[in-house]
Amino acid sequence: MAPRKNFRNQAKKEVKPAAVVNKNGVKAEATVAASGGGGGFSGTKIFTWFMVLALLGVWSSVAVVWFDLVDYDNVIERAKEFRFNFSEVLQGKLSAYDADGDGDFDVEDAKVLLDESPGEVASKKNRTKGLKERPVSVVLREAKEESAVKEPDAVPPPDDDVDGSQNTDVESEIQAAVSLPPISDDFIPDDSRDEATHPYEDENDAIDTKGELVEKAQPQQTVEESKQYNDQPGSLETKEAEAESVPEPEADVEPEVESVPELEAEFVPQLKENAEDQPKDKLKEKAKKKKPKLLNKFEKTIKTEIDAAEKLRKKGKVEEAVRAFETLVLQYPQSPRCRYGKALAEDGLAEKMLSNDMLQKAIATYKEASELPNATPDLIKATLKKRAERQQFLGRMRGALATLEKLVQIFPEDVALKNDLGVAHLLIGDNKSAKRVYEEVLAVAPSDGFAKVHYGFILKSENKIAESIPFLRDGLESGDPGTDDGRFYFHLGDALQRMGDDSAYKWYERGHQRGHFASVWQRSLYNVDGLKAQPWWTPKDTGYMDLVKTLERNWRIIRDEALSVMDKTTSLFVPEEENLREKGEWGQFTLWQQGKKAGESCRSVPKTCGLLERYPEATGCKRGQIKFSVMQPGTHVWPHTGPTNCRLRMHLGLVIPKTGCKIRCTNDTRAWEEGKVLIFDDSFEHEVWQDADSYRLIFIVDVWHPELTQYQRQTLSPI
């Protein structure tokens, strides 16, 4: 439209054309020539020109309407699709789409709009194009593409089909047809960790006031209190000694998997079926959960304030959340929900600061929240459960027990709370009380799988092997939450083995399929992934050649010191206490335990201890022992596995009868020799027979697995 533009630039030579707009919006231009001096148009000429202009307007309107030169309804609809203001369309004020540069939105601009997308219009304002028929879908798509530039989150519509049709986004159409209400400033979106599905917050690893990286805190209790439960291979305490807490990434290498060939084909299909069923059970359980009601009537009136503080906590802004909840507690001191929020925020801050003191404060605040009047039952339950969890985290097992006992008193019909109480008794070594709790649970809920597996475990610890099997088996088969645990597969298989039932390997295989065991043979529960896994090792394999040579060169010195303390009157050798013997006598004399030297014992065998002092791979092995082992004739040790894959076990032969003594690891059986070291990985199944006519004496030295880094050796928790 350059000529029209040039006309404007020549205003002194010509009079600006007058524009006439008819009722349909068509603009016709009349160029009036300027007359010289006092000359002008006569009345007749004026009437003639008026008629011409009127006729032009009429015929233009007829042409537009009857010949569809411009479909104004379509223009208006297109304008809507391009998100124009409808009144601006009527008034011709869409300067952004002023294609001809005349300062308004008119027919000429509409032509360009019908023929070009908004992006094209912007780049081709000074071009005129003829009308073309274009599918509505194309125009709509272009409009959405333009809006997508302004709204990055918009999802572009699907491409046109081959036949020119296009799939319709029903949801978008509904949203376009129904206006959405405005969003208020205090609107808080639902958090993905809503208390409906996660009423209790996740816990991080252990808290250390020094800021040092540690594994989860170990229970602060005596060995006597917990040995019946915690010291069992794969006992039911939380996996706080797990190697997975070591932050150094390990290579994702699967240990060599060995299984029982004749059984594997038989139960793999059944195992896969069970593995597929488990998630469904968990989904059903999740679907049954109801969102806890944590607000009382008054707190519903201040929900906006509570939500604002809670939003800070869930976003990880724990310092701000603590301050926000402290303010709310000052304003509403009788609000249990405000105080519970404060406790949760303090809990999160404790994790961030690695502060036990802050966690103690959170534990106290949990108690305060639970004791306020008008606390809802759901809030009391959530608060006290969280308090018990954090008490256990700090190793305050008896405090956690008291909290759970209070919970059971308040909610006597809640079977899950009774189950938790039973575990709390087990964690302090009170198997008798735990047994009573689970008997009460099974009396009212005989099919409760959680109670069954724990009750079966207690029976097995009492050496009631046959009685334990149906409870362990039925509990595992129930698929109830808390039952799919390697410890129960471990103990069920062990019980079956002791009864001479080969179906034990079926359960070991199932445990392996569930990811609890590295293989059917290697069934340790406290592992570091990726470590080389083989039952038997050579000294060269371990890299501890110097240690092996020292032991073998000095075996007689070690033997003589051992013999000097074997006198039964000294009581230095104590019977094996892990219930691993089917029959016979097996005594042990320990020099190092969990990386700590037994000073009194070493004073009895100073030369032996002196030889080992310079081998930290042995004396510093927190997941092992150094000890003498004497086994009398007629002794049989059940097939069993050690608790961890983080160590290797060296056996130095001291006094070995010529025949009758042997050890099997997986399916490879060997015998000891005096003055020689045997090395095996005791996380693999092994079994011992002593059928000789005299005692067998060996020296056991556990060493770190050679592939563990120095950092891992320092940070792994003791076992």
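How many of the eight residues of strand E6 (residues 586–593) are buried? Six of them are, so the strand is largely enclosed by the rest of the structure; buried means under 20% relative accessible area, exposed over 50%, and partly exposed in between, with a 1.4 Å probe and protein chains only. The model is predicted: local features need pLDDT of at least 70, side-chain atom pairs count only at pLDDT 80 or more, and totals for chains, interfaces and linings use all residues. Residues are numbered from 1 along each chain as its sequence is written, and side-chain values use heavy atoms, with hydrogens and water left out.

**The chain as a whole**

- The chain holds 30 helices and 15 strands; these are DSSP runs numbered from the N terminus, helices being H or I with at least four residues and strands E with at least two.
- Of the 719 residues, 46% count as buried.
- The accessible surface comes to about 37900 Å², and 52% of it belongs to carbon and sulfur atoms; areas come from the Shrake-Rupley method with a 1.4 Å probe, and for residues only the protein chains shown count as cover.
- Among contacts (heavy atoms within 4.5 Å) with a separation of 6 or more, 69% join residues 24 or more positions apart.

**Strand E6 and its partners**

- Strand E8 (residues 625–631) pairs with E6 in the antiparallel sense over seven bridges, and Gly 587 stands opposite Val 630 in E8; two strands pair if DSSP finds at least two bridges between them.
- Strand E4 (residues 574–575) runs antiparallel to E6 and is joined to it by two bridges, with Val 574 opposite Gln 588 in E6.
- Strand E7 (residues 596–597) is also an antiparallel partner of E6, over two bridges; Lys 597 in E7 is the bridge partner of Trp 592.
- E6 and E7 form a hairpin with two residues between them.

**The five-stranded sheet**

- An open antiparallel sheet of five strands has the order E5-E9-E14-E11-E12.
- Strand E5 (581–583) and strand E12 (668–670) stand at the edges with a single partner strand each, so one side of each is left without a neighbour in the sheet.
- Neighbouring strands of this sheet are turned by 20° against each other on average, direction ignored; axes are lines fitted to C-alpha atoms, for helices over the stretch in contact, and angles run from 0 to 180 degrees between N-to-C directions.
- Strand E11 (residues 661–665) pairs with E12 in the antiparallel sense over three bridges, and Cys 665 has Asp 668 in E12 as its bridge partner.

**Two residues with positive phi**

- Most residues other than glycine have a negative phi.
- Gln 594, which is not a glycine, has a positive phi of about 55°; this residue lies in the loop between E6 and E7 and is partly exposed, with a relative accessible area of 31%.
- Thr 666, likewise not a glycine, has a positive phi of about 55°; Thr 666 is placed in the loop between E11 and E12 and is buried, with a relative accessible area of 1%.

**A helix pair**

- Helix H19 (residues 431–444) packs against helix H20 (residues 449–461) at an angle of about 145°, with their axes 9 Å apart.
- Residues of H19 that meet H20 include Ala 434, Tyr 438 and Leu 442, while those of H20 include Phe 450, Tyr 455 and Ile 458.
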